[in-house]
Protein chains: 2
Amino acid sequence: MRLVSIEGRLHALVAQGARAIDLGGAASLPTGPCQFLAAGGLDRVSDIIAEAEERLAADATVPIGVDMLQAKLQAPIPKPRMIWCIGINYRDHAAETGRSTERPAEPTVFAKSPGALLAHDGTIVVPPNVTKPDWEGEVAVVIGRRARDVSQSDALSYVAGVTAANDVSARDHQFTTTQFTWSKSIDTFCPLGPVLVTLDEVDVGNLDLTTRVNGVVMQRGNTRDLIFSIPELVCMLSAGVTLEPGDVILTGTPAGVGNARTPPVFLGDGDSVEVTVEGVCTLRNRVSRPG
Amino acid sequence: MRLVSIEGRLHALVAQGARAIDLGGAASLPTGPCQFLAAGGLDRVSDIIAEAEERLAADATVPIGVDMLQAKLQAPIPKPRMIWCIGINYRDHAAETGRSTERPAEPTVFAKSPGALLAHDGTIVVPPNVTKPDWEGEVAVVIGRRARDVSQSDALSYVAGVTAANDVSARDHQFTTTQFTWSKSIDTFCPLGPVLVTLDEVDVGNLDLTTRVNGVVMQRGNTRDLIFSIPELVCMLSAGVTLEPGDVILTGTPAGVGNARTPPVFLGDGDSVEVTVEGVCTLRNRVSRPG
């Protein structure tokens, strides 16, 4: 199933993506995406879609929903409680940044502020105090059920789905201290979405990821090359730490970031950045960098 | 003013702390602490208290509120959107951990998951995968108004008040990677509160901080010794990053953590940890460490 958020409510895409069904409204379930997931709504999506499609077929009208092309799509989880981020999770990216490519004992985990969230088609606004804004295309995972101490083999049953993300990073601030969180929490520095695809449609162990800047391919990766796989990440993050429905996990970026190029390349005013997760969605954002 | 949260609603303490007035209910303001702050409720607290105290004096009953001693106090902000944490912000702590005591260009910023929050009197539960649980007594700041790009001189006008915090840390996981967030996001590893004191009652530049474990003083500090002062932190954090009402900033811990002792000391089953911010409150939590 392919899910999007419109006006704070989770919708399922039907009719080849041309129509969106309001899932909360259709099933008397909570309307906010996090609440919808927490109420176990995901288990009922198939029935909701089937019923809506019957009505669609019967009278060719949209029972509940809006035309996707006219709608203002939000990030699929517009207000996540927590954006967990995994650093150094592809060997080629570890290598290009001069780090060890050995698998460490644990994943590198930091956070982005939920305030950094940006929707598809939104503008990445680089503030004047940031001189080295860089891209990091990533596969993002959304937690679907409260998870704590889950095993690796059960981990995927706690995942609602996957989407695309851009872990935009202010490189001039990222390395002034040891900690990454602030330099990656600048307003608009977390584009996410637009489509959340549930796991019946994708294999999280084999997702192609491509980042393009102004149409030029800058990063190519595949989740089969993750140092810590998605099931491992859910398992290890949840060891003593409760993950809530709607929590987002950015799973790491492959080689090809701007800061590792010779000479380094950063995002400039008017640039277009696209992150494509094959079979899931393309996340496109323009950059505004005044001055 | 001295504020606490009870059943998700912000209350003001009156009658020497024996009574609590429901601020949202009294003024038809939103009831959640974050929403109350966002609606500018703080500007009206004096009037609300004055009116309630008049009624208290007139008939010696509690107009709105509960007895503080009987109430289950929550963290003053029970559901913060973001818990910003500052590392290495006292020179004596930098020294005891073998780090430079020079002032860096920027503060060290990481996050704790909101899911780690714990109230006063709540139990710090150490999960089996954590072998080195340590204390970090801190002064916490709560943001009162949406803040972005605020100057250092204006910074305190964006602060709702201060409270006590314990940045409990799993030292066995903190240093396996460069990033601190996960090892400090274990469930119950963020005791906060119980009283939020507004800035009319305290000088944030001169707050004594003491941490006691089983009654023994382990840490002593004063905010005059912060490397980055509270106004500097609000100013620097907000440079391109929007801080929301109810956001919490843990301002760093002074020397005396368990991991820096010879030999190291960690929290054990049944231990009592108290963080006192003089003139503000004492935050007391017991430790459960089964096995």
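Before the interface, a definition: two residues are in contact if their C-beta atoms, placed from the backbone, lie within 7 Å. On that basis, 100% of the interface residues of chain A are also interface residues in chain B, so the copies meet through the same surface.

Now the provenance. This is a predicted model, in which local features need pLDDT of at least 70 and side-chain atom pairs count only at pLDDT 80 or more, while totals for chains, interfaces and linings use all residues. Residues are numbered from 1 along each chain as its sequence is written, and chains are lettered from A and ligands numbered from 1 in the order in which they are written.

How many residues does each chain bring to the contact? Chain A gives 33 residues and chain B gives 33 residues. On the chain A side, strand E7 (residues 108-112) supplies the largest share, four residues. Strands (E, at least two residues) and helices (H or I, at least four) are DSSP runs, numbered from the N terminus. By class, the chain A side has 15 nonpolar, 14 polar and four charged residues. Here Ala, Val, Leu, Ile, Met, Phe, Trp, Tyr, Cys and Pro count as nonpolar, Asp, Glu, Lys and Arg as charged, and the others, Gly among them, as polar.

Eleven residues of domain 1 of chain A touch 15 residues of domain 2 of chain A. On the domain 1 side, strand E1 (2-6) and helix H2 (33-38) of chain A each supply at least two residues. That side divides into eight nonpolar, two polar and one charged.

Last, the sheet. In chain A, five strands form an open, mixed sheet in the order E9-E20-E19-E16-E17; two strands pair if DSSP finds at least two bridges between them. Strand E9 (123-125) and strand E17 (216-222) of chain A are the edges, each pairing on one side only. Strands E19 (residues 272-277) and E20 (residues 281-288) of chain A run antiparallel, joined by six bridges. A:Thr276 stands opposite A:Thr282 in E20(A).
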